[in-house]
Amino acid sequence: MKALVYQGPGQKAWADKDKPEIQKPTDVIVKITKTTICGTDLHILKGDVPTVDAGRTLGHEGVGVVEAVGAAVENFKPGDAVLISCVTSCGKCANCKRQLYAHCSDGGWILGHLIDGTQAEYVRIPHGDNSLYPIPDGADEEALVMLSDIMPTGLEIGVQYGNVKPGDTIAIIGAGPVGMSVLLTAQFYSPGRIVMIDMDPARLELAKQFGATDTIQVGADDPVAKILEMTGGLGVDVAIEAVGVPATFDICQKIVSAGGNIANVGVHGAPVQLHIEELWIKNINISMGLVSTNTTPMLLKTLNAGKVNPGKLVTHRFKLDEILEAYEVFGNAAREKAMKVILNA
């Protein structure tokens, strides 16, 4: 089969690899029908995730059709259409018992990280009964791909960890796919004001269409000064970092209100400076983490009910064997006006 193979920092190839086989009774082999590229994949290629070895197939999102199942798999059979979770869960360990699937003792974020991932014609999913979801007939598969990772990430790590409440003023720094997922899912909790901050005017315009009440273009405006002006000097109730660089985390520290929350969602490859000398007196909370996807069943229900449409995040479509071109587009998102790409097998 063909797969997108990481060959070390800055290097990747669409190459031949052996088709995966059942290794354990709980495994499921899935034939990929649609997958995508995540900002985390770009971080891997930059060398920000040194735990990824050369030779690894990248990708941790997608939908497909079950090709084969291990002897212990009960919930799926060959031919079933499935949504792949970015997080693998055994369902039995101490962390899984408290829905902290990100830290499963035999799983967590392993796809495209510690084992071969979804940017391939076939993928092996360990603990398939707990790490796959059946796709309802007639469902929008492009929208479902967004439920593999970015939508639960935005909801859990941005909105829920940030403790967004009705009437809150929140600021989202970074209008990329995850920032937009925060924007879409924050509206479940009826914040009074949602401010999107980014450098790209095209993304800010899209954010308005998706429900942002205010936008701030970095470069044209000083985001800290603008936020303090908008809030009468108080700052925002929740500042959500969705980029993963020191400068954007620093903005969060400067705009959070007393009693507020900073929720870090971005993947950081370098240290940030924590201004504890200024924050200790403000009674704030700082949260961060890796998505556990425990909200995926709820998001599936909201999608099926038409209450949220993450499919509108898709801006570009490619064939799976055009993945190198897709990486070029996604890696130059501002130039290409790209939000999320879909790769069709």
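Threonine 248 is buried, with a relative accessible area of 11% (buried means under 20%, exposed over 50%, partly exposed in between, with a 1.4 Å probe and protein chains only). The model is predicted: local features need pLDDT of at least 70, side-chain atom pairs count only at pLDDT 80 or more, and totals for chains, interfaces and linings use all residues. Residues are numbered from 1 along each chain as its sequence is written, and side-chain values use heavy atoms, without hydrogens and water.

Threonine 248 sits in helix H9, residues 246-255. Helices (H or I, at least four residues) and strands (E, at least two) are DSSP runs, numbered from the N terminus. Beyond neighbours within four places in sequence, threonine 248 is in contact with Ile173, Glu241 and Val243; contact means heavy atoms within 4.5 Å.

An open sheet has six strands in the order E10-E9-E8-E11-E12-E13, with parallel pairing. Strands E10 (214-217) and E13 (285-288) form the edges, each pairing on one side only. From one strand to the next, the twist averages 15°. Two strands pair if DSSP finds at least two bridges between them. Strand E8 (residues 169-173) and strand E11 (residues 236-241) run parallel and are joined by four bridges. Isoleucine 170 has valine 238 in E11 as its bridge partner.

Helix H9 lies across E8, E11, E12 (256-264) and E13, at about 160° to E12. Axes are lines fitted to C-alpha atoms, for helices over the stretch in contact, and angles run from 0 to 180 degrees between N-to-C directions.

Helix H6 (residues 177-186) is mostly covered, with nine of its 10 residues buried. Among them are Pro177, Met180, Val182 and Leu184.
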